[in-house]
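Thanks, everyone. I will go through one structure today, starting with the overall fold and then taking the cores and the helix packing in turn.

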Amino acid sequence: MGSKHSTWNPRRIAQTPVADRIEANIERIPGFGCWVWVGKVKAQGYGAISIGNKDYAVHRLMYEREVGPIPSGFFVCHRCDVRECVNPHHLFVGTAADNNKDMDVKGRRRSVGLRGEANSSCRLSESTVRAIIADKLSGMKNVDIADRYGLKRTQISDTLCQPNRWMWLKREMGFK
Ligand SMILES: [Zn+2]
């Protein structure tokens, strides 16, 4: 029973309680599919959790837990444009440029309540558009693609059908 025999294991201590603490601070938004972090938020607007004496960005933890390691020098960005969202399915690994776009979009949007109409004017990041085109090329329907990224169907059709949008990328990817 003494500390000599304790089964203290940094991995276990780091995993189980943290997972519970994360779960307790998530509010799932029906329809949007966003998991909005309602715990501590850092100045940059990202949800944060203290482990030991250090704060970690919750969306990065969630991405690593559910999707995989984040390559060094890359950022975890939001497809859904909700900065507080920690749903790993709404996250993607992007470059600094993607992350800046992510931050820009978030700077104009204060909460999940501003989604909906406001969202239709938001610019999609290149990686999101790439993913959308790849989905379309694989035969997915617009409505399913929209669901997948938490977007409106019109955003998908605008992105894919308006000839002046992302023309270079469509050409590069062999999308008519
Ligand atoms: Zn989201």
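Before the burial figure, one cut-off: a residue is called buried if 20 or more other C-beta atoms lie within 10 Å of its own, exposed if 12 or fewer, and partly exposed in between. This is a predicted model. With that cut-off, buried residues account for 26% of the 176 residues in the protein chain.

Now the layout. The protein chain has seven helices and six strands, and their order along the sequence is α-β-β-β-β-α-β-β-α-α-α-α-α. As for contacts, take those between residues at least 6 apart in sequence: 51% of them join residues at least 24 apart.

Next, the cores. The largest nonpolar core has 17 residues, and the members that touch the most others are Cys34, Val58, Met62, Cys85, Val86 and Leu91. At least two residues each come from strand 2 (35-37), helix 2 (58-66), strand 5 and strand 6. Which of these elements gives the most to this core? That is helix 2, with four residues. There is also a second, separate core of six residues, and Ile132, Ile133, Leu151 and Ile156 are included in it.

Staying with helix 2, its buried residues are Val58, His59, Leu61, Met62 and Tyr63. Just after helix 2 comes Gly68, with a positive phi of about 155 degrees.

Back to Cys85. Leaving out residues up to four places away in sequence, Cys85 touches Cys34, Trp35, Val36, His78, Cys80 and His90.

Asp81 is worth a stop. It sits in the loop between strand 5 (75-78) and strand 6 (91-94). Is Asp81 buried or exposed? It has 28 C-beta neighbours inside 10 Å, so Asp81 counts as buried.

Compare that with Tyr56, in strand 4 (residues 54-57). Tyr56 has 17 other C-beta atoms within 10 Å, and is therefore partly exposed. Its contacts, not counting residues up to four places away in sequence, are Ala48, Ile49, Ile51 and Leu61. Tyr46 is 10 residues from Tyr56 in sequence, and the C-alpha to C-alpha separation is 9.5 Å.

That leaves the helix packing. Two packed helices are described by the angle between their axes and the distance between the axes.

Take helix 4 (residues 126-137) and helix 5 to begin with. They pack at about 145 degrees, with the axes 10 Å apart, and the crossing is right-handed. Helix 4 contributes Thr128, Ile132, Asp135 and Lys136 to the contact, and helix 5 contributes Ile145, Arg148 and Tyr149. By class, the contact of helix 4 with helix 5 comes to three nonpolar, one polar and three charged residues.

Now helix 5 (residues 142-149) with helix 6 (residues 153-161). Here the angle is about 115 degrees and the axes are 8 Å apart. How are helix 5 and helix 6 therefore oriented to each other? They are roughly perpendicular. The crossing of helix 5 and helix 6 is right-handed. On the helix 5 side the contact has Asn142, Val143, Ile145 and Ala146, and these meet Arg153, Gln155, Ile156 and Ser157 in helix 6. By class, that gives four nonpolar, three polar and one charged residues.

That is all I have; questions are welcome.

Notes: Residues are numbered from 1 along each chain as its sequence is written. This is a predicted model: local features need pLDDT of at least 70, side-chain atom pairs count only at pLDDT 80 or more; totals for chains, interfaces and linings use all residues. Two residues are in contact if their C-beta atoms, placed from the backbone, lie within 7 Å. Axes are lines fitted to C-alpha atoms, for helices over the stretch in contact, and angles run from 0 to 180 degrees between N-to-C directions. Angles under 35 degrees count as roughly parallel, over 145 as roughly antiparallel, 65 to 115 as roughly perpendicular and the rest as oblique. A crossing is left-handed if the near helix is turned anticlockwise from the far one by less than a right angle, and right-handed if clockwise. Ala, Val, Leu, Ile, Met, Phe, Trp, Tyr, Cys and Pro count as nonpolar, Asp, Glu, Lys and Arg as charged, and the others, Gly among them, as polar. A nonpolar core is a set of buried Ala, Val, Leu, Ile, Met, Phe, Trp, Tyr and Cys residues joined through C-beta atoms within 7 Å.
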